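The following note collects comments on the aromatic contacts and the sheet pairing of this model. Please read the points alongside the coordinates.

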Amino acid sequence: RLLAEKMQAELGQPVVVENRTGAAGNIGAQYVARQSADGHTLMITSGGFAITPSLFKSLGYDPLKDFVAVTKIAIAPLLVLVRADSPIRSMADLIALARREPQAVNYASFGTGSPSHMIGESINRHAGIAMAHVPYTTGNGITDLMGGQVTVGIWDALSQTPQVKAGKLRALALNGTQRLPALPDVPTLNEAGIPFNLVGWHGMFAPAGTPRAIVDRLNRMVNQIIAQPDVRARLFELAMFPVQPPTTPEQWGAMFRQDMQDWGELVRRAGITPN
């Protein structure tokens with residue numbers, strides 16, 4: 001919505017935000033894929049868009065053939081979390097406990113095949129442990145984490161950074177290659193000895209066939225908006241990293257294709273079969 005307000009001022013016409021949730025983002029993607037390629041309907045989506053091709057036999061759209069990449073907007077990491085009063089104070093503590101008491105440690109994610117699930121399984125693989133996976137498709141995961149029903153939760157920094165700052169949760173690590181300015185004492189998984197560089201994002205796409213001139217104009221406009229100091233500050237407040245340097249449509253398209261390959265490989269390693 002922050003981006004929409006800025007785009008409206010730049011374009012001199014209304015920019016309406018319409019949330020189309022459901023089916024891991026497939027409902028919204030199907031809708032946009034079927035719209036006219038005139039630049040009037042755009043999709044801002046998250047990193048799950050690169051994972052769904054490995055999770056579903058039939059999406060109702062092709063993420064590569066039915067869309068054109070416009071630009072990458074922000075990087076959105078996930079946090080590995082425990083209760084504030086948990087004796088687990090670091091990734092080393094978590095791994096030690098899981099090795100000592102294999103049945104005592106489980107982790108919650110926001111669904112089978114989600115980025116948080118993939119992070120949990122990567123921790124298992126690299127650390128040689130076997131935390132049990134507890135997938136959540138509703139908002140009960142944080143409640144269960146705080147209540148002690150699950151040991152660890154892996155959730156987005158956007159929603160959970162306020163809980164960490166308020167002292168309700170403790171963050172052990174985050175994925176990606178850099179620490180969050182909002183949580184400067186929380187190490188990356190790499191720093192904690194778990195090699196995991198993949199990280200979530202927010203990016204813009206348009207229906208395939210959108211004229212190049214329109215794609216280029218949108219790219220320039222959105223990149224200029226992201227570079228504005230107030231927008232960057234707000235994204236940092238939301239526990240996201242504004243993309244810098246800005247991406248061209250070609251660069252963002254190549255990044256997205258690589259993301260599809262990398263996340264798809266993690267899905268296969270986890271033994272998840274498409275539905």
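1. F205 counts as buried because its relative accessibility is 1%, where buried means under 20% relative accessible area, exposed means over 50% and partly exposed lies in between (1.4 Å probe, protein chains only). F67 also counts as buried, at 6% relative accessibility. The model is predicted: local features need pLDDT of at least 70, side-chain atom pairs count only at pLDDT 80 or more, and totals for chains, interfaces and linings use all residues. Residues are numbered from 1 along each chain as its sequence is written, and side-chain values use heavy atoms, with hydrogens and water left out.

2. How many aromatic pairs does the rule give? The count comes to 14 aromatic pairs; rings of Phe, Tyr and Trp (its six-membered ring) pair if their centres lie within 6.5 Å, and planes under 30 degrees apart count as stacked, over 60 as edge-to-face and the rest as tilted. The pair of F67 and F205 is edge-to-face, because the ring centres are 6.4 Å apart and the planes stand at 80°. F67 belongs to strand β2 (residues 67-76) and F205 to strand β8 (residues 200-207), so this pair ties together parts that are 138 residues apart in sequence. Helices (H or I, at least four residues) and strands (E, at least two) are DSSP runs, numbered from the N terminus.

3. For W252 and F256, the ring centres are 6.4 Å apart and the planes stand at 55°, so the pair is tilted. Both residues lie in helix α10 (residues 249-269), 4 residues apart, about one turn of the helix. W252 and F256 are both buried. One aromatic cluster is formed by F49, Y61, F67, W201, F205, W252 and F256.

4. The sheet deserves a separate point.

5. Strand β3 (residues 78-83) is mostly covered, with 5 of its 6 residues buried. β3 runs antiparallel to β6, joined by 4 bridges, and L81 has G153 in β6 as its bridge partner. β3 also pairs with β7 in the antiparallel sense, over 5 bridges; here V80 has A173 in β7 as its bridge partner.

6. Which sense of pairing links β4 and β6? Strand β4 (residues 106-109) and strand β6 (residues 152-156) pair in the parallel sense, over 2 bridges. The bridge partner of Y107 in β6 is V152.

Notes. Pairing = 2+ DSSP bridges.
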